Amino acid sequence: MKMMRLIAALAIPLLLAGCLLSPGKFTSTLDLQRDGSFTFTYAGEIVVTDTSSPPAEFAASPCYDETTSDERECTPAELSQQRKDFDAAQAANKDGEGMGQMGGMGDFGSDESITELVDQLKKQEGWKSVRYRGNRIIDVEYAITGTVGQGFAFPLIDGGGAVMPFVTITRRKDGNVKVVAPAYSGGGAGGDMAGLGAMAGAAASPAKAAQPKPEGTFTITADGGVLTNNTEEGPTTVAGKSVLTWKVNSRLEKGPEALIRIAAQ
């Protein structure tokens, strides 16, 4: 429950901004060493969900007789003024959204803006390949090596763009490492992403295509001990290392979680 509340709190401003990134078909790995170094990879699709409301359509308001207050047919001049007022209000709303974007909130509602996002990602460390396929799907190959001392989150966008991470790695004071991947779930009932998917669907117009759901695998390899995890099979041992594997599909209701010991206790 705490995790879901945190995810929802992080996602609300993203939904209001009109964007939510989520996995499509993918393969992801995390190799975690006892000294705190790690290598993380993600290869596959990133889906840009358009959660913005469909554009408003003009509808004439009724006109009334000033003497009897009875409803009457609007004159061409009155209809013209109503249209002008409607267009002015729409322009004001658009300007307000633009100010939100200036404040660092991304708005990926068009192919042009998604292309700009792709160009931005290409400049960042770790993004080996980034290509916009169309239909709001970005094909990526990402790999990075670092240390868990300061924590890690994927993905991040340079320039202040707010994106809910797929995966986070957090180092605790006792030397243990918590790995959480809330986006790596099928969005089934009770899943960490289920409520967010419902919010996105409610905001989308009927004309928008259904968003592809996450489908793939996430594998953690660690040379430390696995303290807790939510895999079905538990850890296996390969070449002296602990291996955790999650198969992500519509049946996986909760994203992967694991607590791993990387330092001698």
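Select helix H3 (residues 111–122) and display its buried residues: Ser113, Ile114, Leu117, Val118 and Leu121. Here buried means under 20% relative accessible area, exposed over 50% and partly exposed in between, with a 1.4 Å probe and protein chains only. Viewed down the axis of H3, the buried residues fall within an arc of 150°, so they line one face of the helix; the arc is that of the directions from the helix axis to the C-beta atoms. The face turned away from the buried side carries the exposed residues Glu112 and Glu116. The 12 residues of H3, at 1.5 Å a residue, should span 16 Å, and the end C-alpha atoms are 17 Å apart, which agrees. The expected span is 1.5 Å times one less than the number of residues. Helices (H or I, at least four residues) and strands (E, at least two) are DSSP runs, numbered from the N terminus.

The model is predicted: local features need pLDDT of at least 70, side-chain atom pairs count only at pLDDT 80 or more, and totals for chains, interfaces and linings use all residues. Residues are numbered from 1 along each chain as its sequence is written, and side-chain values use heavy atoms, with hydrogens and water left out.

Next, select Ile138. Leaving aside residues up to four places away in sequence, Ile138 touches Ile114, Leu117 and Val118, among others including Gly44, Ile46 and Tyr132; contact means heavy atoms within 4.5 Å. Ile138 is also listed with Phe40, Tyr42 and Tyr184 as having the most contacts inside the largest nonpolar core, which has 43 residues. Strand S2 (residues 37–50) gives the most to this core, with 5 residues. Such a core is a set of buried Ala, Val, Leu, Ile, Met, Phe, Trp, Tyr and Cys residues joined through side-chain atoms within 4.5 Å.

Move along S2 to Ser37, which lies in this strand. The C-alpha atoms of Ser37 and Val148 are 6.4 Å apart in space, although the residues are 111 apart in sequence. Beyond four places in sequence, Ser37 is in contact with Asp31, Leu32, Gly146 and Thr147. Its side chain also makes a polar contact with the side chain of Asp35 (2.7 Å).

Now select Phe38 and Phe152. Their ring centres are 5.1 Å apart and their planes at 55°, so the pair is tilted. Rings of Phe, Tyr and Trp (its six-membered ring) pair if their centres lie within 6.5 Å; planes under 30 degrees apart count as stacked, over 60 as edge-to-face and the rest as tilted. The pair links distant parts of the chain, with Phe38 in strand S2 and Phe152 in strand S7 (residues 152–154), 114 residues apart. Phe38 is buried at 4% relative accessibility, and Phe152 is buried at 14%. Both belong to one aromatic cluster, which also includes Phe154 and Trp246.

From Phe154, step to Pro155: a cis peptide bond joins the two, with omega about -5°. Pro155 is in the loop between S7 and strand S8 (167–171).

Finally, select the loop between strand S5 (127–134) and strand S6 (137–147), where Asn135 lies. Asn135 has a positive phi near 55° without being a glycine. Arg136, in the loop between S5 and S6, has a positive phi of about 65° and is not a glycine either. Asn135 is exposed, with a relative accessible area of 74%, whereas Arg136 is buried at 18%.

Technical notes. Polar contact = N/O pair within 3.5 Å; in protein donor to acceptor, adjacent residues only side chain to side chain.
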